[in-house]
Amino acid sequence: MIGQLALRNITYRPWRSVLLFVGFGVGVAVMIVLLSIGEAMLSQARNEKLVGGGTITVLPEGLDVEVMKTGGIGGLFFSIDHASFLYRQVLASPRYRGEIAAVAPQIEGRLLYVRTADGQEFPVHASGDIPAATAAVGAAPEIVEGKWENDAGDRRWVAPTALELRNEIDHFHLPSDSVANRDTWAEWHYFNVLTPDRKRWAFISFIVGGDVTGTKWGGKVGITLREQDGATRRFATTLERSRVRFSTTDANLVFGDTHVIVLPDGDYEVRAAAREENGARGRISVALRVHPAPFAFFPGVAMGSGGFVSGYTVPALRASATGSLCVDGQCEQLSDAQSYHDHNWGVWRGVTWDWGAARAGQYTFLYGRVYPGDSTVPIPPALVYLVDSLGFRAVFRPRMISYEDARTVRVGSSVLRVPSRARFEDARGDDTLRVDITVEDAIATDTRPRRNAKEESGEVERGDPLKSEKARPYFIQMKGTARISGRLDGQPLSGTGTGFFETYR
């Protein structure tokens with residue numbers, strides 16, 4: 001009876017019946033597709049090996065997850081900058097040992113080109129990982145034959161020795177092809193050391209300057225000795241390039257009888273000697289062993305725009321120095337004195353900067369910003385980098401550094417107003433930081449070239465260094481007390497200590 005009624009209804013309104021059948025069929029088909037997609041996504045979410053193992057995947061900022069899955073062209077050039085630093089100082093650091101069981105760096109499906117001996121070139125997709133780390137997150141492949149284990153390169157990437165770490169971040173460089181005037185290239189090791197009474201200190205620089213790819217370059221050792229609110233003595237020795245040895249693979253720098261050498265335990269051996277400038281007869285010699293605190297380093301950053309290149313790294317953001325400082329035959333012995341070491345490279349003519357580094361209780365911070373000689377280049381916010389005994393703690397980006405110029409110093413026959421205080425602050429989400437600096441001592445240096453008789457007469461030739469004078473020619477070096485305050489991870493942040501700071505006027 002029911003079948004007969006259905007048949008008569010279909011024959012009575014055939015087009016309506018066809019429309020109902022089609023609609024019902026489309027609805028069933030859509031439901032089947034959606035259920036299939038949902039099942040596939042659920043399966044993928046449950047299968048860790050589909051995303052490289054583990055429970056959390058860290059991707060380059062800005063990368064679309066769908067691009068990663070499909071291998072679209074938009075994902076070819078993404079990478080995680082300073083991946084080894086992120087691994088050692090954040091994901092695999094002692095700070096998160098209780099929360100993170102294992103971390104595995106991996107590269108999947110990177111496009112490479114293989115060139116054969118006869119010149120043929122083939123595109124290939126390549127992947128890379130650290131065998132032991134990949135196995136630890138449960139993503140190890142099934143080995144049919146042979147061994148799959150860490151080699152020396154894997155070990156250096158994951159856990160370099162102190163010596164390997166110094167050479168990795170503190171080696172020297174060659175000017176890139178983008179540098180048009182390589183005569184403006186300079187690179188140097190810089191150290192400072194503060195005496196226990198915090199009233200005397202020394203700035204020590206080993207500088208390589210000029211076009212190191214040619215013949216017009218050399219070296220200079222410069223030492224500034226300062227007593228708070230007292231005398232400043234400057235010592236220097238220049239060397240021909242034949243007496244200079246630097247390397248693009250290690251941090252050692254040899255200037256004749258003086259040098260900076262990284263010892264097997266990662267400490268720096270610093271030996272320098274120089275004569276006093278301006279015709280004085282004074283002499284200075286330095287013999288120090290500088291011990292960087294574990295984890296307290298800045299891995300480095302390099303900026304470039306047009307012909308401008310600026311690179312900077314801090315292998316010893318918090319360090320102690322032991323040894324001797326001898327002036328005019330009188331030697332002072334130092335033991336675990338506060339010290340610091342950084343490394344700069346790039347094009348420096350016309351360049352100015354704000355910079356500072358200080359201890360603040362259990363914390364140590366670094367801040368800086370570079371102003372290129374080209375005024376058309378946009379100026380980024382300052383970078384503030386904070387560490388504690390376990391390494392990297394936070395990064396802040398304050399837009400302003402506020403100075404109060406209430407001190408005066410004499411430069412030649414001029415009196416110059418310089419900072420007495422400085423302040424900057426920033427908030428990153430719920431984290432906040434404020435830094436207040438009280439300047440206890442300041443010295444100023446006129447960076448403009450000295451005029452000779454020809455220059456005084458106005459006969460300055462094209463290309464003369466005088467043509468590149470800075471808008472702010474006075475280099476200000478300051479020593480003072482820094483106080484930090486704010487909150488990190490919901491906890492109060494505070495600390496006070498001594499540091500050194502630089503700016504221009």
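The charged end of Arg 505 sits over the ring of Tyr 403, at 4.8 Å from the ring centre. A charge is said to sit over a ring if NZ of Lys or CZ of Arg is within 6 Å of the ring centre and within 35 degrees of the ring normal. A second case involves Arg 472, which lies over the face of Tyr 371, 5.2 Å from the centre of that ring.

The model is predicted, so local features need pLDDT of at least 70 and side-chain atom pairs count only at pLDDT 80 or more, while totals for chains, interfaces and linings use all residues. Residues are numbered from 1 along each chain as its sequence is written, and side-chain values use heavy atoms, with hydrogens and water left out.

## The protein as a whole

The protein has eight helices and 25 strands. Helices (H or I, at least four residues) and strands (E, at least two) are DSSP runs, numbered from the N terminus. Of the 505 residues, 41% count as buried. Here buried means under 20% relative accessible area, exposed means over 50%, and partly exposed lies in between (1.4 Å probe, protein chains only). The protein exposes about 28,200 Å², of which carbon and sulfur atoms supply 54%; such areas come from the Shrake-Rupley method with a 1.4 Å probe, and for residues only the protein chains shown count as cover. Among contacts with a separation of 6 or more, 57% are between residues 24 or more positions apart, where contact means heavy atoms within 4.5 Å.

## Aromatic pairs

A pair of aromatic rings is described by the distance of the centres and the angle of the planes. Rings of Phe, Tyr and Trp (its six-membered ring) pair if their centres lie within 6.5 Å; planes under 30 degrees apart count as stacked, over 60 as edge-to-face and the rest as tilted. The structure holds 23 aromatic pairs. One of them joins Phe 172 and Phe 246, whose ring centres are 5.8 Å apart with planes at 40°, so this pair is tilted. The two residues belong to distant parts of the chain, 74 residues apart: Phe 172 is in the loop between helix 7 (162-170) and strand 3 (185-194), and Phe 246 is in the loop between strand 7 (244-245) and strand 8 (253-255). Phe 172 is buried, at 1% relative accessibility.

Tyr 367 and Phe 501 give a stacked pair, because their planes are at 20°, with ring centres 6.4 Å apart. This pair also links distant parts of the chain, since Tyr 367 is in strand 16 (residues 363-371) and Phe 501 is in strand 25 (residues 491-504), 134 residues apart. Tyr 367 is buried at 3% relative accessibility, and Phe 501 is buried at 2%. Elsewhere, Phe 85, Phe 297, Phe 298, Tyr 312, Tyr 385 and Phe 392 form one aromatic cluster.

## Strand 10 and its partners

Two strands pair if DSSP finds at least two bridges between them. The table lists the pairings of strand 10 (residues 268-276).

| Partner strand | Direction | Bridges |
|---|---|---|
| Strand 6 (residues 232-240) | antiparallel | two |
| Strand 9 (residues 258-262) | antiparallel | four |
| Strand 11 (residues 283-292) | antiparallel | eight |

Ala 236 has Arg 275 in strand 10 as its bridge partner, and His 259 has Arg 271 in strand 10. Glu 269 stands opposite Arg 289 in strand 11. The hairpin of strand 9 and strand 10 has five residues between the strands, and Gly 266 there takes a positive phi near 95°. The hairpin of strand 10 and strand 11 has six residues between the strands, and Asn 278 takes a positive phi near 60°.

A disulfide is a covalent bond between the sulfur atoms of two cysteines. With the criterion of a pair of cysteine sulfur atoms within 2.5 Å, a search of the whole structure finds one disulfide. It joins Cys 326 to Cys 331, with an S to S distance of 2.0 Å. The torsion about the S-S bond is about 110°, so the disulfide is right-handed. Cys 326 is buried, at 12% relative accessibility, whereas Cys 331 is partly exposed, at 47%.

Most residues other than glycine have a negative phi. Asp 328, however, has a positive phi of about 55°. Asp 328 is in the loop between strand 13 (308-327) and strand 14 (330-347), and is partly exposed at 44% relative accessibility. Asp 336, in strand 14, likewise has a positive phi, near 55°. Asp 336 is exposed, with a relative accessible area of 58%.
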